[in-house]
Amino acid sequence: ARLIKNLQILRDLDPARPILIHMKTCGGDWTEGMAIYDAILYATNPIVVLNYTHARSMSSIILQAADKRVMMPHSHFMFHDGTLALSGTYKGAITNAEWSKKEHPIMVDIYVSRMKERGKFSKKTKEEIKEMLERQMNLKEDVFLTAQEAVSWGLADSIFDGNWQKLTKYVRRAKK
């Protein structure tokens, strides 16, 4: 809620000024993460996310909402099917498992849409990229990429080179 409120305050101050978000997180909850993803994706200001340590699980999805996705040199990227913990009644557990199954294609589509924009898979069809991602997730519980691999795959735009002035200088990408 704090991030969403701060984005709104910064928009009201200057709707054209780029906003730099320093992201350092272990991942997180799907619904909370999607609220952050939507807030960044639909922000009127250009948004740069500078990722520290790792973009993994939910934070790898949040990163995809930014206009410019920058990895710190020693950070990494991780994607997976997500984690599902079940408790409560049998019906509640089944309901949550069914809901989780509906969320999976949303996650994959987010990755695929950004990978189509740039990177070594950009010339492949969306279906080919989707099949490759699914294959990777079926082979391993967690799929790890170095910062350079994340850029190569189209899941990040660049690796931070220490130039703070250049960090927020870019052409804004078309939003959904």
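Which glycine takes a positive phi just after helix 4? Glycine 119 does, with a phi of about 100°. Good morning, colleagues. Please bear in mind throughout that the structure before you is a predicted model.

Let me stay with helix 4. This helix covers residues 90–117, which is 28 residues. From its first C-alpha to its last, helix 4 reaches 42 Å, close to the 40 Å expected at 1.5 Å a residue. Its buried residues are Ala93, Glu103, His104, Met107, Val108, Ile110, Tyr111, Val112, Arg114 and Met115. In an α-helix there are 3.6 residues a turn, so residues three or four places apart point the same way. What, then, covers the buried residues of helix 4? Among the helices, the cover includes helix 2 (30–41), helix 3 (58–64), helix 5 (126–139) and helix 6 (147–153). Strand 4 (68–71) and strand 5 (76–80) also contribute to that cover.

Strand 4 leads us to the sheet. The model has an open sheet of 4 strands, in the order 1-2-4-7, with parallel pairing. Strand 1 (19–23) and strand 7 (158–159) stand at the edges, and each has a single partner strand, so one side of each is left without a neighbour in the sheet.

Let us now consider the partners of strand 4. With strand 2, residues 47–51, strand 4 pairs in the parallel sense over 4 bridges.

Are the residues on the two faces of strand 4 buried or exposed? In a regular strand the side chains alternate between the two faces of the sheet. On one side of strand 4 lie Lys68 and Val70, on the other Arg69 and Met71, and all of them are buried.

Two packed helices are described by the angle between their axes and the distance between the axes. The axes of helix 1, residues 2–13, and helix 2 come within 9 Å and cross at roughly 10°. Helix 1 and helix 2 are therefore roughly parallel to each other. Helix 1 contributes Leu3, Ile4 and Leu7 to the contact, and helix 2 contributes Ala35, Ile36, Ala39 and Ile40. By class, the residues of this contact comprise 7 nonpolar, no polar and no charged. Thank you for your attention.

Notes:
Residues numbered from 1 in each chain as written. Predicted model: local features only at pLDDT ≥ 70, side-chain atom pairs only at ≥ 80, totals over all residues. Heavy atoms only, no water. Expected span 1.5 Å × (residues − 1). Buried < 20%, exposed > 50% of the residue type's maximum accessible area, 1.4 Å probe, protein only. Contact = heavy atoms within 4.5 Å. Axes fitted to C-alpha atoms, helices over the stretch in contact; angles between N-to-C directions. Parallel < 35°, antiparallel > 145°, perpendicular 65-115°, else oblique. Nonpolar A, V, L, I, M, F, W, Y, C, P; charged D, E, K, R; others polar. Pairing = 2+ DSSP bridges.
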